[in-house]
Amino acid sequence: MPSPYQVFVAEDEMIVREGIRNCLENSESFSLCGEAEDGEMALSAILELKPDILVTDIKMPFMDGLSLSRAVRRALPWVKILIISGYDEFDFAKQAISIGVAEYLLKPFDAKMLLDTLRKIEEQIEAERVQTMQANTTRLREHRDEQVLKDAFLDSLLTGAHDTADAMELAASYEIDLPAKKYLAVAVDLQIDSAPGVSARLRDEIEEALAERNDVLWCLRGSDRLALIIKGETNEQLDDITYELLIILQERLKRTLNLPIVSAIGSVVERVGAIASSYQNAFGLLRGVSGLPAGTVINFGDVQSGAASFVPLSAPVSQRLRHATPQDVDDILLDLRSRFSDVHLNSVLYGYYWLMDLLMAAARVVEELGGDAHAVFPELDDAGALLRASSSEQALISIARDMLERFLAFRGGAQDDHYGSVIARAKEYLYEHYGESDLSLNSVAAYCGFSPNHFSSMFSLHTGETFIGFLTRVRMEQAKKLLLETDKRSADVAFAVGYQDANYFRFLFKKHMGVSPRELRSTSE
């Protein structure tokens with residue numbers, strides 16, 4: 001059976017709220033996820049709980065139902081709204097329609113009328129879901145058809161099938177931004193055999209990796225080859241863009257599909273008609289050199305000058321350090337080791353420069369995180385000792401490993417301390433103020449210095465439960481303690497833990513504890 005639709009009720013009359021609550025308790029299609037007695041309190045709870053349906057009265061203190069409906073429609077446009085009112089006035093109905101309210105129900109109403117109205121809304125939701133699925137399917141089909149045509153055009157461009165004028169005209173018809181001062185083509189070998197079963201997801205992952213980039217055009221050539229056309233103003237800019245994009249692609253495809261790649265960069269050209277020549281240079285390199293390790297990038301310019309090194313492509317050290325884990329230490333050391341020849345690493349001077357490159361990159365990231373780099377790395381204050389220690393490759397690797405481990409220990413602690421202290425402050429505030437009926441996500445977020453959305457996401461991520469869920473649990477635990485240790489009436493306990501409505505408190509208590517307040521006391525005697 002599908003999950004019931006989540007309903008939130010905003011109504012200042014306790015009797016009406018209780019009636020709606022009882023009605024929903026007996027329904028298999030709808031479930032009450034929360035309620036509030038005024039619009040202002042309702043809004044913060046709705047933004048976090050994200051219900052399917054909002055049932056709200058028009059006349060409420062602080063924020064009326066129409067204002068609440070407008071705010072909800074802006075923030076959560078999919079939420080269906082049912083307005084209830086005792087005011088049979090055309091003006092209210094007209095405003096409700098202009099807001100986009102799904103249904104309008106006049107008081108007094110009974111359970112059958114309410115459920116019938118909610119079922120109408122349920123039909124609207126289901127119809128919209130079907131319509132959305134059909135629209136998404138149509139858009140996906142149209143997108144794929146359009147992508148096939150674009151791929152065919154770019155493929156023909158890489159083979160030299162068009163002169164500049166024709167290419168520009170065709171590109172414009174496909175809404176492809178082709179003009180640039182300089183171009184550079186890249187051939188990427190997708191080593192599908194090393195990562196079977198990825199073909200179906202490949203295009204989506206490439207689209208995601210290169211989304212919103214206006215400096216690159218791309219197409220798949222067969223099942224195992226990706227072609228890139230990089231656009232730029234200068235040779236240096238093209239070089240920077242190309243390596244940046246290859247790093248992004250390499251890390252994305254390795255992380256999501258475990259797909260290794262080998263890339264070849266062609267020559268820089270200044271005419272659209274010469275893009276094919278650039279690509280042939282790149283493809284010729286891939287075809288002419290076999291057995292290259294995953295991650296390798298070959299540059300046609302380096303081959304022409306005799307300076308080609310055929311080493312794995314690496315992100316800048318500081319970039320890798322920002323996202324590294326303890327499991328990455330060996331890979332980082334191996335990568336840094338590959339940048340120097342054996343002669344260089346056994347030279348004290350080159351070894352010192354190698355360590356300083358790593359040390360300064362790590363120190364920059366420590367400072368970015370608000371730490372004291374000199375406290376984490378005393379070597380910064382004694383370069384002479386570091387130079388003396390750089391006596392052999394084994395010593396270099398050992399020192400570098402120690403630096404990386406100290407850096408990762410600091411970075412992990414810095415991040416945990418930052419968010420941990422915020423969550424600790426929030427929890428302390430909640431335990432001190434849980435008895436206040438107007439306590440809300442907005443007020444606690446403001447106390448901690450965050451926006452409600454940011455705070456809500458952070459709180460859920462680091463505690464494993466929503467803010468409302470945590471607050472309700474704290475209140476229920478405190479209520480249980482009061483019920484067992486004092487002779488306060490249930491209504492007084494409700495008020496003491498922040499609930500104005502004793503019936504709603506009893507509903508929540510039984511939902512969380514499995515027994516009513518009265519049953520709890522009777523079983524403890």
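Helix α8 (residues 235-257) lies across the strands β6 (182-190), β7, β8 (225-232), β9 and β10, and runs at about 145° to β8. Contact here means heavy atoms within 4.5 Å, while axes are lines fitted to C-alpha atoms, for helices over the stretch in contact, with angles from 0 to 180 degrees between N-to-C directions. Helices (H or I, at least four residues) and strands (E, at least two) are DSSP runs numbered from the N terminus. This is a predicted model, in which local features need pLDDT of at least 70 and side-chain atom pairs count only at pLDDT 80 or more, whereas totals for chains, interfaces and linings use all residues. Residues are numbered from 1 along each chain as its sequence is written, and side-chain values use heavy atoms, with hydrogens and water left out.

Five strands form an open sheet with mixed pairing, in the order β7-β8-β6-β9-β10; two strands pair if DSSP finds at least two bridges between them. At the edges stand β7 (216-220) and β10 (297-299), each of which pairs on one side only. On average, neighbouring strands of this sheet are turned by 20° against each other, direction ignored. Three bridges connect β9 (residues 261-269) with β10 in the parallel sense, and Ala 264 stands opposite Ile 298 in β10.

Another open sheet of five strands has parallel pairing and the order β2-β1-β3-β4-β5. Its edges are β2 and β5 (103-106); each has a single partner strand, so one side of each is left without a neighbour in the sheet. Which residue of β3 is the bridge partner of Ala 10? The partner is Thr 56.

Side chains of opposite charge can pair when their charged atoms come close. The structure holds 24 salt bridges (a side-chain nitrogen of Lys or Arg within 4 Å of a carboxyl oxygen of Asp or Glu). One of them joins Arg 17 to Glu 35, with the closest N and O atoms 2.9 Å apart. This pair links distant parts of the chain, since Arg 17 belongs to helix α1 and Glu 35 to strand β2, 18 residues apart.

Of its 31 lining residues, Glu 35, Ile 468, Arg 475, Tyr 499 and Tyr 504 are the closest to its centre. A pocket is an open set of points on a 1 Å grid over the protein atoms alone, where a 1.4 Å probe fits, with protein on both sides within 12 Å along at least five of seven lines; lining residues have an atom within 4 Å of a point.

Finally, two backbone details deserve a look. Most residues other than glycine have a negative phi, and most peptide bonds are trans. Lys 50, in the loop between α2 and β3, has a positive phi of about 50° although it is not a glycine. The peptide bond from Lys 107 to Pro 108 is cis, with omega near -5°, and Pro 108 is found in the loop between β5 and α5 (111-158).
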